[in-house]
Amino acid sequence: MNGRRPLPAWAEIAVLPLVNIALAFITVGIIVRIIGVDPLHALQFLVVGAIGSSESIGYTLYYTTNFIFTGLAVAVAFHAGLFNIGGEGQAYIGGLGCGLAILAFDRYLPAPLMIPLAILAAALFGAAWAAVPAWLQAWRGSHIVITTIMFNFLAAALMVYLMVNVLIAPGSMTPQSRNFAASGKLPSMHDTLAAIGIQVAPSALNLSIVLAVLCCIGVWVFLWHTPWGYALRTMGHNPEAAVYGGTNLRHMTMLAMCISGGLAGFVGVNELMGVHQRIVLDFPAGYGFAGIAVALMGRSHPVGIVLAALLFGALQQGGAELAFEIPTITREMVVVIQGLIILFSGALVNMPRPWLQRLFTLRGS
Amino acid sequence: MMAVPAIELSGIQKSFGSVHAVRGVSLAIAKGAITGIVGENGAGKSTLMSILYGLYRADAGEVRIDGQPMRMDNPHDAIAHGIGMVHQHFMLVDTFTVLENLVLGAEGGPLLAGGLAAARAELERLAREYGLSVNPDAKIADLSVGEQQRVEILKVLFRGAKILILDEPSAVLTPQETDQLFRILATLKERGVTIVLITHKLREIMAATDHVYVMRQGQIVADRRTAETNPEELAELMVGRKVRLQLDKAAPKSGEVLLSAEKLSLVDHRGVRLLDNIDLELRAGEIVGIAGVSGNGQTELLQVLSGIRRPTGGKLTVRGRVIDAHHPSDPAEMRTLGLAHVPEDRLRQGMVAAFHAWETSILGYQAQPPFCRNYLLDGPAVGRHCATLMDRFDVRPRAPALRSSNFSGGNQQKLVLAREMAQEPKVLLVGQPTRGVDIGAIEFIHRELVKSRDQGCAVLVVSVELDEILSLADRIVVMFAGRITGEVPAGRADERTLGLMMAGAHA
């Protein structure tokens, strides 16, 4: 009330996130100043490190790919009114599925069959890992936030067990599987572009980013242009209306979480099939959790998620360069910077809203 | 010359953002009289009274109590000036006794015993003086709704109120309880209490008040001595055009049984019997009205009939499909059987507030053609459908892309009704068809329901507004405590007998 108007839609989508990011960067600047580094100098390294060369752009986009997958995963569940905190575990198990499919078939199947099969396996395993908490919530009433958190730990423990005892390559001292055969490798972007005559510097960027873009389009079509997406969003906004409208909430909870888990599982495609070429430990490296911030910042819309994922990808890559160039800024310092961005664009997302509303009301009257 | 009014408002203005809720209202409430304020939903009655009670601050204007200018910054100021408010929804602690509720917020010291003893004496005095007898040691949960309302009134008097504001006091009462309330108000008036009665029921204005103000769009459009006006004139003033209060309808031509319930029961997980052996038949071409005080199983009956909840006993037959505890149905299947349902609470069930109107216009039908083709929603087709519904049911504004929550209550209800009727259902269940809906829209909705009856649809109307049941239904079924306590043809129904059945007496 108080005579304040709600923000116009364009300000809600464009201005508010920018104000949040600006606030985060100002805070970061103050902290960087305190540890004795010129903030503008640091910012320069950050930006150049993220987008200064075709190699750094490649790495930024490679990280972005992961953030898109986990951001979409959180967003789909969120539209259904479900808070999926288990992206980390679903990504991990998705990677396991992808890796198992390749280890089983890479010697028999050519790449055009192997790659789709491995992608499908990643989605199925990720979905299955999300399906258990979904089932527990839908039929037994266990809260999905609690169960998905616990399933992250279960996934981590399971993977350590499997990698140390079962999947470890014979004779290896490190817990990783044998290398994938050539058919189990997702082509890198520099090779693919070279094939059509475009030369770019080698980086970890691979064709997973195409899959990520397809997922964005798919999620957008599903949520806003299919009757199931419609029912899913109805459940998220108003479960009673969904029941009235003939939606079975249990089935819809399962569907939403399986799609969410499947999307998270694609992190395994980017990491294992695209980069590592074998199953390794700890490859989700926090992407699952960062996906929550990406979805929040991107307003759970694919376009917003792409933008937020680009920012997070740039921070990941630029931050690594920054830590390398300025010794006082350590790896942990970069994590602090990311944490502040998440804080301002996540937890404090509504803080500047009243200020902006006042500004718009003044301007409007 | 006139005596100093108890309350005088002059030039009161109040805006919420761009909404100008109260526009320069001036009125005088005479001392020791019952003054009514009528108006449709959103006319500004409640905002005006909230200003008087100190819940909102007016943007401009003056409030005078007994001729003295006053500033009301919060309800404490209002109470200190002898103004008390009885809210539509009771503010009582169910597990406390009457006495304990009375002293709540006025305990009179760190130890309860002293305060309680003083309160008991005061309560006895009030009971004697105003004829408001309630057992001081009864638990609120054990009292009837009418008695609970009496406790609310006592609470206000206990705090020394000389001016009593009642906001829609009859919303939860049976007709007998309403009559009792009006007798209490008459006694209070004799003892010099000033009473303001806010309501949208014209019958109550005519029965209880001395003077009436009519509000429309934030302004006072008329003030009349009640003795010199009539319901038709008041309705016209409220709406701003001529309104027909009587519904014209032909005799029903009832046909085959489309829906029948036999010993239908519903027991919840705590073992509470919500529906108790309901026997009900619904025939093509008739309107059956379910009367009853809210909370006596009507909500659960609609849930079971529409497939939202499965019955725990008995059976339900809808157009040949038999539904019982072991063969449950669901709302989606019910729709394919030709049953449509306009839910009681449109905001919580019938629509999604955050959705565009066009999205709301297909809720429940999203997966069927022409809205869905080749697994995709056909946006333009849905948009055209929504525009057609809006034209046919006069939904304003005609904006399919507007958020559902931005429509007024009446227009939301018309949209939901339009959606369900567009399917040309064989059975139509309607819960509270006109709750929170303005008079103009009520007239329209009633006509549409009769029209669909005349086309051979079996219509079931659940309403807590007895007037509505009386004017719409061909057959009236009364519910009390999950049971059916009586059934009468509309021609032979009158408020008194229905009221007795609503209170649990078998006819």
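Trainee: Before we start, what counts as two residues being in contact?

Mentor: Their C-beta atoms, placed from the backbone, lie within 7 Å. Keep in mind that this is a predicted model.

Trainee: Good. Which strands of chain B does helix H9 (residues 298–305) lie across?

Mentor: H9 of chain B lies across E11, E12 and E14 of chain B. The helix runs at about 60° to E12(B).

Trainee: What sheet is there with E12, E11 and E14 of chain B?

Mentor: An open sheet of 4 strands. The order is E12-E11-E14-E15 in chain B, and the pairing is antiparallel.

Trainee: Why is one side of E12 and of E15 of chain B left without a neighbour in the sheet?

Mentor: Strand E12 (273–283) and strand E15 (321–323) of chain B stand at the edges. Each has a single partner strand, so one side of each has no neighbour in the sheet.

Trainee: How much are neighbouring strands turned against each other?

Mentor: By 15° on average, direction ignored.

Trainee: And how many bridges join E11 to E14 in chain B?

Mentor: There are 5 of them, between E11 (residues 257–267) and E14 (residues 313–318) of chain B. As one example, Ser265(B) has Gly313(B) in E14(B) as its bridge partner.

Trainee: New topic. How is chain B divided into domains?

Mentor: Domain 1 covers 7–239. Domain 2 is 244–338 + 425–507, and domain 3 is 350–424.

Trainee: How many residues are in contact between domain 1 and domain 2 of chain B?

Mentor: 12 residues of domain 1 of chain B are in contact with 12 residues of domain 2 of chain B. On the domain 1 side, H8(B) gives the most, with 5 residues. That side divides into 7 nonpolar, 3 polar and 2 charged residues.

Trainee: How far apart are the centres of those two domains?

Mentor: 34 Å separate the centres of domain 1 and domain 2 of chain B, taken over C-alpha atoms.

Trainee: What about chain A? How many residues of chain B are in contact with chain A?

Mentor: 22 residues of chain B are in contact with 19 residues of chain A. Helix H10 (331–336), helix H11 (346–350) and strand E18 (376–377) of chain B each give two or more residues to the chain B side. That side holds 14 nonpolar, 5 polar and 3 charged residues.

Trainee: Last one. How many residues of helix H9 of chain A are buried?

Mentor: 8 of the 11 residues in H9 (residues 227–237) of chain A. Among them are Tyr230(A), Leu232(A) and Arg233(A).

Trainee: What covers the buried residues of H9(A)?

Mentor: The cover includes helices H3, H8, H10 and H11 of chain A, together with E18 of chain B.

How values were computed. Residues numbered from 1 in each chain as written. Chains lettered and ligands numbered in written order. Predicted model: local features only at pLDDT ≥ 70, side-chain atom pairs only at ≥ 80, totals over all residues. Domains from an automatic or database assignment. Nonpolar A, V, L, I, M, F, W, Y, C, P; charged D, E, K, R; others polar. Pairing = 2+ DSSP bridges. Axes fitted to C-alpha atoms, helices over the stretch in contact; angles between N-to-C directions. Buried ≥ 20, exposed ≤ 12 C-beta atoms within 10 Å, placed from the backbone.
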